[in-house]
Structure formats: C-alpha cells, structure tokens
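Reader: I have a model open on my screen. Please show me how to read it, one feature at a time.

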Amino acid sequence: MISISVIQWIVEVLHMTIFYFYSYMKTDYTNIIDQFFNLYAIIITVIILPSFYLNGEAAFRRNLAVYGSFKAMKNAIFGKM
C-alpha cells in the first residue's frame, strides 16, 4: 500500500512540474505543442490519477480479483448493483 502512495506522489509532482513548465512557456507557439499538452493533461487527469485512487481502495481490489476489470469498474462508478 505504501509503494502505491509513493508512486502516486511522484506522478502528481511530475505532472505539476510539467504543467507549470508548460504554463510559463510561451503558449500558442505551435498548435502541435498545445494539442500534445491537452492530450497529456486529459490522459493524466482522467486515466492515470484515478487509477491510483481505485487501486488504493481495498473493495475495488477485491472486486477486481473476483469479477474482473469491467465489472469492478462498473461497481466503483455506479455502486454495488
């Protein structure tokens, strides 16, 4: 459990560092850099960071082992059905 939180902390610090670096860069320099950063921000905030929170929850890990990934994710989002 501790290794998950340390890895999560490292990922969040790295994400914030990249975000601040991008913010202080000259934005709108090229459209490709802006599109890449938008895609990066979406992937980090929608996929990567929530996976750490779900993986840290004991009930989600039990559901993942018993029911598989789709049903465990469905239970996490909508509650026990």
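The dialogue below goes from the whole chain to single residues.

Author: First, the ground rules. This is a predicted model, where local features need pLDDT of at least 70, side-chain atom pairs count only at pLDDT 80 or more, and totals for chains, interfaces and linings use all residues. Residues are numbered from 1 along each chain as its sequence is written, and side-chain values use heavy atoms, with hydrogens and water left out.

Reader: How many helices and strands does the secondary structure of the chain have?

Author: Helices (H or I, at least four residues) and strands (E, at least two) are DSSP runs, numbered from the N terminus. Here there are four helices and zero strands. Along the sequence the pattern reads α-α-α-α.

Reader: What percentage of the residues in the chain is buried?

Author: Buried means under 20% relative accessible area, exposed over 50%, and partly exposed in between (1.4 Å probe, protein chains only). Of the 81 residues in the chain, 19% are buried.

Reader: Which residues make up the largest nonpolar core?

Author: A nonpolar core is a set of buried Ala, Val, Leu, Ile, Met, Phe, Trp, Tyr and Cys residues joined through side-chain atoms within 4.5 Å. The largest one has six residues: Tyr 22, Phe 37, Tyr 40, Ile 44, Leu 49 and Phe 52. Helix 2 gives the largest share of this core, five residues.

Reader: How many aromatic pairs does a search of the whole structure find?

Author: Rings of Phe, Tyr and Trp (its six-membered ring) pair if their centres lie within 6.5 Å; planes under 30 degrees apart count as stacked, over 60 as edge-to-face and the rest as tilted. The search finds four aromatic pairs. Take Tyr 22 and Phe 37: their ring centres are 3.9 Å apart and their planes are at 15°, so the pair is stacked. Tyr 22 lies in helix 1 and Phe 37 in helix 2, so the pair ties together parts that are 15 residues apart in sequence. Both Tyr 22 and Phe 37 are buried. Ring pairs also link Phe 19, Tyr 20, Tyr 22, Phe 37 and Tyr 40 into a cluster.

Reader: Is His 15 buried or exposed?

Author: His 15 has a relative accessible area of 9%, so His 15 is buried. His 15 sits in helix 1. Contact means heavy atoms within 4.5 Å. Not counting residues up to four places away in sequence, His 15 touches Tyr 40, Ile 44 and Thr 45. His 15 and Thr 45 are 30 residues apart in sequence, with their C-alpha atoms 9.4 Å apart in space.

Reader: Which residues does Gln 8 touch, not counting residues up to four places away in sequence?

Author: Gln 8 touches Phe 52 and Tyr 53, with that same exclusion of residues up to four places away in sequence. Gln 8 is found in helix 1 (residues 2–24). Its relative accessibility is 12%, so Gln 8 counts as buried.

Reader: And Val 46, is it buried or exposed?

Author: Val 46 has a relative accessible area of 57%, so Val 46 is exposed. Its place is in helix 2 (residues 31–56).
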